[in-house]
Amino acid sequence: MKAVVYRGPFQVAVEEVPEPRLEADTDAILEVELAAICGSDLHIYHGKIAGVLPGTILGHEFVGRIVEKGPLVPFALGERVVGSFQVACGDCPACRKEQYFACLRGGVYGFGLALGNLQGAQAERVRVPFARHSLFPIGDLPAEEAILAGDILTTAYGGVRPFLAPGMSVAVVGSGPVGLLAQMVAHALGAGPVFAIDPEVSRLEKARELGSLPINPQAEDPIGRVRQATEGLGADLVVEAVGGEGEALKTALKLAAPGGVVSSLGVPTAERLDYPWLPAFSRGITLRSALANIPRYIAEVLALQRVGRLKGRFVFSHRLPLAEAAEGYRLFHERKATKVALVP
């Protein structure tokens, strides 16, 4: 079958690879209907994820139909499903506490040795371990909506929903796909003013279309602007949706109001950050940072998608055939794409 294969920093190729096979009674094989290139895939593309070896099939966002399954998989052959980017067994101590991101037997597709060494889904077919807990039926939900539930939309939802009460002020640092979806979730769940902070004008225009208040940090001080609009306090909830080396998180911590929460969703590439311990202590700020907990929240997200409360396909800028995946990665790397759908 055809698949997108990592060949080294800034090198991906579409190659013939072996077909996936069932390896356990809990496995399923999907024929991929739609895959996507995620912002975190760029960390691999840039060579910043240790343990992703040349030859690894990339991709962790996908929807498809079940074409083969083990006897312990409860779904029907031919059923349309979305895959959680996290594989979770559902039975280990972490999973029993609904901390699926810490599953002792799970992993992430296409992220190499450190995260389960699972082959990815930017391919014609993909093997799904622990399918009962890692796949979710989507019925006739459009593929470009459903695929978001398996990763970035549920990531955004899980970073907003536990901390938001109606009327609370929200600031989102970064208006890439996850940041925009976090804003959409905040609006849908009854937030008060939602501030969108990003240096790119095109992203701020999309944020404005969602009803957010755009702030360009190259033109004005975001901390001063947010405090001015919140009686000098800052935002009740700050969502950091950039990751990387940690500059966005530093900004997020300064934006938070006394007693506020900073919810960090961006995938970090730095191991350490100079944490403003004394200011955070004196202002009573809570920092929440963790890999998204997709199986915990995906059912809620799918329910809201089915009734039209969450519509996120606007984050896709390009839809390409799988054969042109290398071009998709190039466009994403050069910031000429916001999100790329790949059609096998």
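These are my notebook entries on a predicted model.

**Ground rules.** I number residues from 1 along each chain as its sequence is written. For this predicted model I need pLDDT of at least 70 for local features and 80 or more for side-chain atom pairs, while totals for chains, interfaces and linings use all residues, and side-chain values use heavy atoms, without hydrogens or water.

**Entry: the cores.** I looked up the nonpolar cores, meaning sets of buried Ala, Val, Leu, Ile, Met, Phe, Trp, Tyr and Cys residues joined through side-chain atoms within 4.5 Å. I take buried as under 20% relative accessible area, exposed as over 50%, and partly exposed as in between, with a 1.4 Å probe on protein chains only. The largest core has 92 residues. L30, F62 and L135 have the most contacts inside it. Strand β3 (residues 28-37) gives the most to this core, with seven residues. Helices (H or I, at least four residues) and strands (E, at least two) are DSSP runs, numbered from the N terminus. A second, separate core has 18 residues, including I197 and V238. In soluble globular proteins, nonpolar side chains tend to be buried together.

I then listed the contacts of L30, counting heavy atoms within 4.5 Å. Leaving out residues up to four places away in sequence, L30 touches F62, I66, V81 and L135, among others.

Entry: Over residues 25-132 I read 12% helix and 29% strand, with the end C-alpha atoms 11 Å apart. Over residues 177-300 I read 43% helix and 21% strand, with the ends 19 Å apart, C-alpha atoms again.

**Entry: cysteines.** How many disulfides does the structure hold? I found zero, taking a disulfide as a pair of cysteine sulfur atoms within 2.5 Å. The sulfur of C92 has its closest cysteine sulfur in C95, 3.7 Å away, so the two are too far apart for a bond. C92 is buried at 6% relative accessibility. C95 is buried at 3%.

**Entry: helix α12.** I listed the buried residues of α12 (residues 325-333): A325, G328, Y329, L331 and F332. They cover an arc of only 165 degrees around the axis, so they lie on the same side of α12. The arc is that of the directions from the helix axis to the C-beta atoms. These buried residues pack against several elements, including β1 (2-8), β3 and α1 (39-45). R335 follows α12 and has a positive phi, near 60 degrees.

**Entry: strand β13.** Why do I call β13 (residues 235-240) largely enclosed by the rest of the structure? Because five of its six residues are buried. I count strands as paired if DSSP finds at least two bridges between them. Strand β10 (residues 170-173) pairs with β13 in the parallel sense over four bridges. V170 has L237 of β13 as its bridge partner. Strand β14 (residues 256-264) also pairs with β13 in the parallel sense, over five bridges. E240 stands opposite S264 in β14.

**Entry: L153.** I found L153 in helix α5 (residues 152-160). L153 is buried, at 0% relative accessible area. Its contacts include L148, M184, V301 and L310, not counting residues up to four places away in sequence. L153 and R127 are 26 residues apart in sequence and 23 Å apart in space, C-alpha to C-alpha.
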